[in-house]
Amino acid sequence: MIKRNSRFDPFTDLLFNILLAFTFLFFIIILFINPITKFGNINMKAEYIITVDWNDNLPDDIDLWVRDPNGEIVSYLKKDAGWLHLDRDDQGIINDKVIIGDEEFIYPINREVVTLRGIIPGNYTVNLYMYDNKSNKPVNAKITIEKVNPTLKLVFFDDVTLHNKDSELTVVKFRLDSSGNFTQTITDNEVLTPYGLEGI
Ligand SMILES: [Ca+2]
Ligand SMILES: [Ca+2]
């Protein structure tokens, strides 16, 4: 009888170690690839992303309001409206604190994001509303609209100022065709909120 493992074989030992090393590397690569794949899937669920940013650490509360061609309006009052979705009502610094264990962490970003999860052809209106103006100063806000597919592309950018509490401003109106192509249209000021207030 031949005892295959009865003596040390450097070549077999080397091959075995190389195989082990490749197996280990394979699992490491899989671990790193998985989160990226999940992140990619989340982004692909949106066709357009509308973002408003105002300066970090400001206590002021700005709201994003968007109306789709069917008349559905998304805002903090209705975070899912048709295929529009608001991810979070950012209230300045009020909801920026998170307690983890015994420690308090502050996430000072001021940002609201509305995603269009599908293409409804027609006209859209994007408004900003100053819900609270605790700083008692005008607040500058930056609005971007990005087309997600087939690759991320900036299609609109503007920089506006909201001067006081309860002011409402139409930032942009745009049209999507049946293929999802973006065209900016004439922007007259229009109130989307139910508060019945005049725009600035
Ligand atoms: Ca808000
Ligand atoms: Ca905030």
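Good morning. I begin with a strand pair: β1 and β8 run antiparallel and are joined by 7 bridges. Within this pair, W54 has N110 of β8 as its bridge partner. Please keep in mind throughout that this is a predicted model.

Let me place that pair in its sheet. The strands β4-β5-β8-β1-β10-β11, in that order, make up an open sheet of 6 strands with antiparallel pairing. At its edges stand β4, residues 80-81, and β11, residues 153-162; each has a single partner strand, so one side of each is left without a neighbour in the sheet.

There is another open sheet, of 5 strands, in the order β3-β2-β9-β12-β13, and its pairing is antiparallel. Here the edge strands are β3 and β13, the latter covering residues 182-185, and each of them pairs on one side only.

As for the chain overall, it contains 1 helix and 13 strands. Of the 200 residues, 22% count as buried. Among contacts between residues at least 6 apart in sequence, 64% join residues at least 24 apart.

I turn now to β2. How many of its residues are buried? In β2, 7 of the 7 residues are buried, so this strand is largely enclosed by the rest of the structure.

The partners of β2 are as follows. Its antiparallel pairing with β9 comprises 7 bridges, and in that pairing I62 stands opposite M130 of β9. With β3, residues 73-74, β2 is joined by 2 bridges, again in the antiparallel sense. V66 has V74 as its bridge partner in β3, and R67 has I73. The hairpin of β2 and β3 has 5 residues between the strands, and in it G71 takes a positive phi near 90°.

Next, the interior. Nonpolar side chains tend to be buried together in soluble globular proteins. In this model, the largest nonpolar core has 27 residues, and those with the most contacts inside it are I62, L64, V66 and L128. Which strands supply at least two residues each of this core? They are β1, β2, β5, β8, β9, β10 and β12. The largest share, 5 residues, comes from β9.

L128 deserves a separate remark. Which residues is L128 in contact with, leaving aside its neighbours within four places in sequence? They are V52, I62, L64, A141, V160, L162, L169 and V171.

Finally, I would draw your attention to Y195, which is found in the segment after β13. Is this residue buried or exposed? Y195 counts as exposed, because it has 11 C-beta neighbours inside 10 Å, and the exposed class takes 12 or fewer. Y195 and D166 lie 29 residues apart in sequence, and their C-alpha atoms are 8.7 Å apart in space.

Thank you for your attention.

Terms used. Residues numbered from 1 in each chain as written. Chains lettered and ligands numbered in written order. Predicted model: local features only at pLDDT ≥ 70, side-chain atom pairs only at ≥ 80, totals over all residues. Core = buried A, V, L, I, M, F, W, Y, C linked by C-beta atoms within 7 Å. Buried ≥ 20, exposed ≤ 12 C-beta atoms within 10 Å, placed from the backbone. Helix = DSSP H or I, 4+ residues; strand = E, 2+ residues; numbered from the N terminus. Contact = placed C-beta atoms within 7 Å. Pairing = 2+ DSSP bridges.
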